[in-house]
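Subject: Two-chain model, handed over with notes

Hello,

Here is the structure we spoke about, with its sequence.

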Amino acid sequence: MKKITLLLLSILLSMSITGCSSFWEKDNNTVVIGGKNFTEQDILVYIMKGIIEEKTGIKVKAKAYLGGTNVVSQAIDRGDLDIYAEYTGTALVSVLGEEYSPSDPEVVYEKVKTIYDAKKQIVWLKPFGFNNTYTLSMRTEQANALGIETFSDLAKQSAALRLGATHEFLERIDGYQNVKAVYNMQFSSPAGMDPGLTYTACRDSNVDVIDAFSTDGRILAFNLKVLADDKKVFPPFYAAPIIRADTLKKHPEIGEVLNLLAGKLTNEEMMALNAKVDLEGKSPQVVANEWLKAKGLI
Amino acid sequence: MMFNNFLVMLQNRWPEIMIGTWEHIQLTLVALFIGNLIALPLGILLTRKRKLAEAVIGITSVFQTIPSLALLGFMIPFFGIGFGPAIVALTIYALLPILRNTYTGILGVNQAVVDAGTGMGMTSRQVLFMIEIPLALPIIMAGIRTATVMVIGVATLAALVGAGGLGDIIFRGIAMARQDLILAGAIPAALLSMIFDYILKRIEIAVQP
């Protein structure tokens with residue numbers, strides 16, 4: 001009995017080891033596209049994969065939902081990934097560890113592009129067009145009734161409103177702490193909660209103001225309103241494909257093809273695509289291909 | 001040096017920790033109060049209606065097996081977020097240990113003593129309050145103490161549904177990967193457990209016949 005178990009175990013082990021190596025193996029005409037662990041990144045992975053395979057004939061291996069920024073940025077540094085979609089603000093603050101001072105989106109893009117070129121030999125292609133930034137959001141109805149359009153408008157009435165936000169947002173120095181200081185927000189006691197709950201809590205009037213990501217599908221579906229960050233406390237988070245310089249040199253056509261996507265995805269469009277996956281339960285791959293077809297890109 | 005930083009952080013966060021602790025105590029006390037209110041009489045009732053006991057205790061056991069996080073999430077469609085759903089979930093958690101210990105404790109009382117009471121002409125009510133409950137008290141109290149320690153632990157999860165408490169500080173710490181912040185929430189929670197347990201132990205000794 002013991003021997004059989006041992007035999008089975010060793011077979012399993014050897015199978016998993018060989019399985020692993022084939023998983024990481026890369027042949028010459030294949031590029032690997034990675035994605036972070038949230039819906040929008042999944043969709044972007046399959047949009048990039050779809051258009052590259054359609055227009056260049058290069059095979060693409062999709063590694064969606066890998067992990068956080070830390071994981072994917074290290075993977076591309078090591079060469080395990082060739083391409084993924086990064087956000088300008090994330091690259092600046094989280095990856096490069098630079099300070100953000102209020103500035104225009106183009107300035108931030110040029111800055112990260114220059115540093116990535118020089119330090120990492122990774123090339124920033126043209127941005128997709130949308131800006132998935134941190135923001136504050138309210139029920140559209142209430143915001144309109146109170147005449148709130150911007151963070152500054154909100155600050156004036158914040159003493160009478162309830163803020164619900166993720167624990168991370170409340171704690172981050174560049175999150176609520178900063179917003180509170182710059183705009184002089186007066187929320188009496190912000191309620192911390194799980195990231196999955198904030199949007200629903202706002203819809204159901206359990207709270208009035210939430211932290212939100214500006215391209216989340218639920219903003220559209222729950223009829224919420226994104227308020228304007230008029231003093232630019234949050235960095236811009238424009239998404240763009242980034243690609244290893246050696247891969248781009250080998251396959252320059254990938255750069256041209258991915259740049260066809262430039263400016264094609266507005267905030268509203270990205271939000272609608274996210275909603276299709278998160279709220280209608282469609283697969284990211286299907287949503288990505290439908291969008292490419294609708295835009296006449298494949 | 002690290003310890004110094006920790007102290008400075010504690011100093012800065014003191015009001016937050018105090019509020020968190022107070023919210024935590026409220027959550028715990030309210031849930032335990034309702035839990036006792038339901039489980040003690042129910043446990044006694046079940047010793048008089050033993051056919052029902054298996055079924056009722058079985059149901060509370062099933063509740064107990066639901067992961068606490070799932071239970072909290074499950075409450076949201078019915079009770080929204082905040083204090084309400086947290087209390088309901090915590091109460092459900094407190095039920096089983098109190099109910100089971102009350103039931104087993106009273107059943108475990110020596111039948112000869114009960115018979116002696118009945119023989120002396122005691123009514124069923126008198127047997128219950130003068131013989132069964134006093135003799136079963138250590139086991140009943142053990143159930144309440146188990147429930148208390150458990151509720152204090154599970155109450156940290158209430159922060160996920162916006163009910164505050166010490167979990168709020170812990171989850172902020174986890175989100176920022178800051179050990180010191182996690183400890184600033186976890187240590188008071190552990191202390192609360194120990195203090196509550198000690199108080200209940202004193203009560204148990206004080207009321208023992």
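Predicted model: local features only at pLDDT ≥ 70, side-chain atom pairs only at ≥ 80, totals over all residues.

Residues are numbered from 1 along each chain as its sequence is written, and chains are lettered from A and ligands numbered from 1 in the order in which they are written.

Chain A

Chain A has 15 helices and 10 strands; helices (H or I, at least four residues) and strands (E, at least two) are DSSP runs, numbered from the N terminus. Its C-alpha trace spans about 65 × 55 × 40 Å along the principal axes. Of its 298 residues, 44% count as buried. A residue is buried if 20 or more other C-beta atoms lie within 10 Å of its own, exposed if 12 or fewer, and partly exposed in between, with C-beta atoms placed from the backbone. Among the contacts in chain A with a separation of 6 or more, 77% come from residues 24 or more positions apart. Two residues are in contact if their C-beta atoms, placed from the backbone, lie within 7 Å.

An unreviewed UniProt entry annotates residues 30-293 of chain A as "domain: ABC-type glycine betaine transport system substrate-binding". UniProt positions are given in the numbering used here, feature names are shortened, and annotations may be inferred rather than shown by experiment. Over residues 30-293 the chain is 49% helix and 19% strand, and the end C-alpha atoms lie 23 Å apart.

Chain B

Chain B has 8 helices and 0 strands. Its C-alpha trace spans about 70 × 40 × 20 Å along the principal axes, and 35% of its 209 residues count as buried. Of the contacts in chain B between residues at least 6 apart in sequence, 73% join residues at least 24 apart.

For chain B, the annotation from an unreviewed UniProt entry reads "domain: ABC transmembrane type-1" and covers residues 21-200. That stretch of chain B is 86% helix and 0% strand, with its end C-alpha atoms 19 Å apart.

Where the chains touch

The contact takes 13 residues from chain A and 12 residues from chain B. On the side of chain A that touches chain B, the elements giving two or more residues are α8 (167-171) and β7 (191-193) of chain A. The largest share of that side, 4 residues, comes from α8(A).

Helix α8 of chain B and its surroundings

Helix α8 of chain B (residues 179-207) has 29 residues and should span 42 Å at 1.5 Å a residue; its end C-alpha atoms are 42 Å apart, which agrees. The expected span is 1.5 Å times one less than the number of residues. Leu181(B), Ala184(B), Gly185(B), Ala189(B) and Leu192(B) are buried in α8(B). The cover over the buried residues of α8(B) includes α1 (2-48), α6 (124-154) and α7 (166-176) of chain B.

The axes of α7(B) and α8(B) are 7 Å apart, at an angle of about 155°. Axes are lines fitted to C-alpha atoms, for helices over the stretch in contact, and angles run from 0 to 180 degrees between N-to-C directions. The angle makes α7(B) roughly antiparallel to α8(B); angles under 35 degrees count as roughly parallel, over 145 as roughly antiparallel, 65 to 115 as roughly perpendicular and the rest as oblique. Residues in this contact include Ile170(B) and Ile174(B) of α7(B) and Leu181(B) and Ala184(B) of α8(B).

The axes of α1(B) and α8(B) come within 9 Å and cross at roughly 45°, which makes α1(B) oblique to α8(B). Among the residues in contact are Phe6(B), Met9(B) and Ile17(B) of α1(B) and Ala184(B), Pro188(B) and Leu192(B) of α8(B).

Arg178(B) lies in the loop between α7 and α8 of chain B. Arg178(B) counts as partly exposed because it has 14 C-beta neighbours inside 10 Å.

Regards
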